[in-house]
Amino acid sequence: MREIIVRQGLSSELNIVEIGGGYGGTCYWLRKLMGDRVSRYAIVDLPEASVVQSYFLGSAVPESLVLDGESMSGVNSPIELIPYFDLDKIDFQPNVLVNQDSMPEMPESEVERYLGWGSKNLKGVFISFNQEAYSPWAGVPQVHVPTVASRWPEYRRVSRETSWDRRGYVEECYLVN
C-alpha cells in the first residue's frame, strides 16, 4: 500500500479511510511507515470489530485513538473508529480508500454503498487487496470487487497485480476523481 501511495504521487498529507480494518494492523503499519504524513485515518467497520481495534490500537498507540468521535486520551487524534452505519459522518475528504480481505464477504449492496460513497467523497486512490476465488456461501457467489467498481465511471483502474504471497488474491489500484 505504501508503494502504491508513493507511486501515485499523492500529496504529503494523507487522509485515509479503511473499510473493514480487522484488528487494526493496517492502520498501525501505515502510520508507522508513513509517519506524520498520515493526517487522518478512519476505520469503518462493525461495532464489534471496533472493540478489537480499540484494544489493539489503544495498546500500541494509546495517545492517538478516537472511538466514535471521543478522544481516548484527551488529545487531538488522527485515528477514528467509525461504525459502518455512520459512514456519512466522516468529516474529512480522503485521498486514500483502502479495503483488504473483506469486500468479497460483504453483501453486494454494502460494497455498492461503500464504493458509491467513495465516488462522491474520495479524491485520490482506492486500493483493493482482495481474493477472487469463486466460493459461494449459501448459494450466493462472493462479490467481485472490479465488477462493482466498474459501475462508477469515477473509478479508473490503473493497476492490477496478482498477489505474490496469497494465491487467488489481487491487488488493484483505482484513481478516483
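The model is a predicted one. Its largest nonpolar core has 25 residues, and a second, separate core has 20 residues. The structure also holds nine aromatic pairs.

**Nonpolar cores**

- Within the largest core of 25 residues, those with the most contacts are Val17, Ile90, Met103, Leu115 and Phe126.
- At least two residues of this core come from each of strand E1 (14-19), strand E2 (38-45), helix H4 (108-121), helix H5 (145-149) and strand E9 (169-176).
- Helix H4 supplies the largest share of this core, namely four residues.
- Beyond its neighbours within four places in sequence, Val17 is in contact with Ala42, Val44, Ile90, Phe92, Pro94, Val96, Leu97, Val98 and Trp117.
- The second core, which is separate and has 20 residues, includes Ile5, Leu14, Met34 and Val96.

**Helix H3**

- Helix H3 covers residues 47-60, which makes 14 residues.
- From its first C-alpha to its last, H3 reaches 20 Å, close to the 20 Å expected at 1.5 Å a residue.
- The buried residues of H3 are Ala49, Ser50, Gln53, Ser54 and Leu57.
- As a general point, an α-helix has 3.6 residues a turn, so residues three or four places apart point the same way.

**Aromatic pairs**

- Phe56 is partly exposed, having a relative accessible area of 25%.
- Tyr155 and Tyr174 form another edge-to-face pair, with 6.2 Å centre to centre and 80 degrees between the planes.
- That pair likewise links distant parts of the chain: Tyr155 is in strand E8 (residues 155-162) and Tyr174 is in strand E9, 19 residues apart.
- Tyr155 counts as buried because its relative accessibility is 7%, under the 20% limit for a buried residue.
- Tyr174 is also buried, with a relative accessible area of 3%.
- Ring pairs join Tyr23, Tyr28, Trp29 and Phe56 into a cluster.

**Charges over rings**

- The charged end of Arg113 is placed over the ring of Tyr114, at 5.0 Å from the centre of that ring.
- Arg166 lies over the face of Tyr169, and the distance to the ring centre is 4.0 Å.

**Positive phi angles**

- In general, most residues other than glycine have a negative phi.
- Asp101, a residue other than glycine, has a positive phi near 65 degrees.
- Asp101 is located in the loop between strand E6 (96-100) and H4.
- With a relative accessible area of 28%, Asp101 is partly exposed.
- Ala138 is not a glycine either, yet its phi is positive, at about 55 degrees.
- The position of Ala138 is in the loop between strand E7 (124-131) and H5.
- Ala138 is exposed, with a relative accessible area of 70%.

Terms used. Residues numbered from 1 in each chain as written. Predicted model: local features only at pLDDT ≥ 70, side-chain atom pairs only at ≥ 80, totals over all residues. Heavy atoms only, no water. Core = buried A, V, L, I, M, F, W, Y, C linked by side-chain atoms within 4.5 Å. Buried < 20%, exposed > 50% of the residue type's maximum accessible area, 1.4 Å probe, protein only. Contact = heavy atoms within 4.5 Å. Expected span 1.5 Å × (residues − 1). Phe/Tyr/Trp six-rings, centres within 6.5 Å; stacked < 30°, edge-to-face > 60°. Lys NZ or Arg CZ within 6 Å of the ring centre and 35° of its normal.
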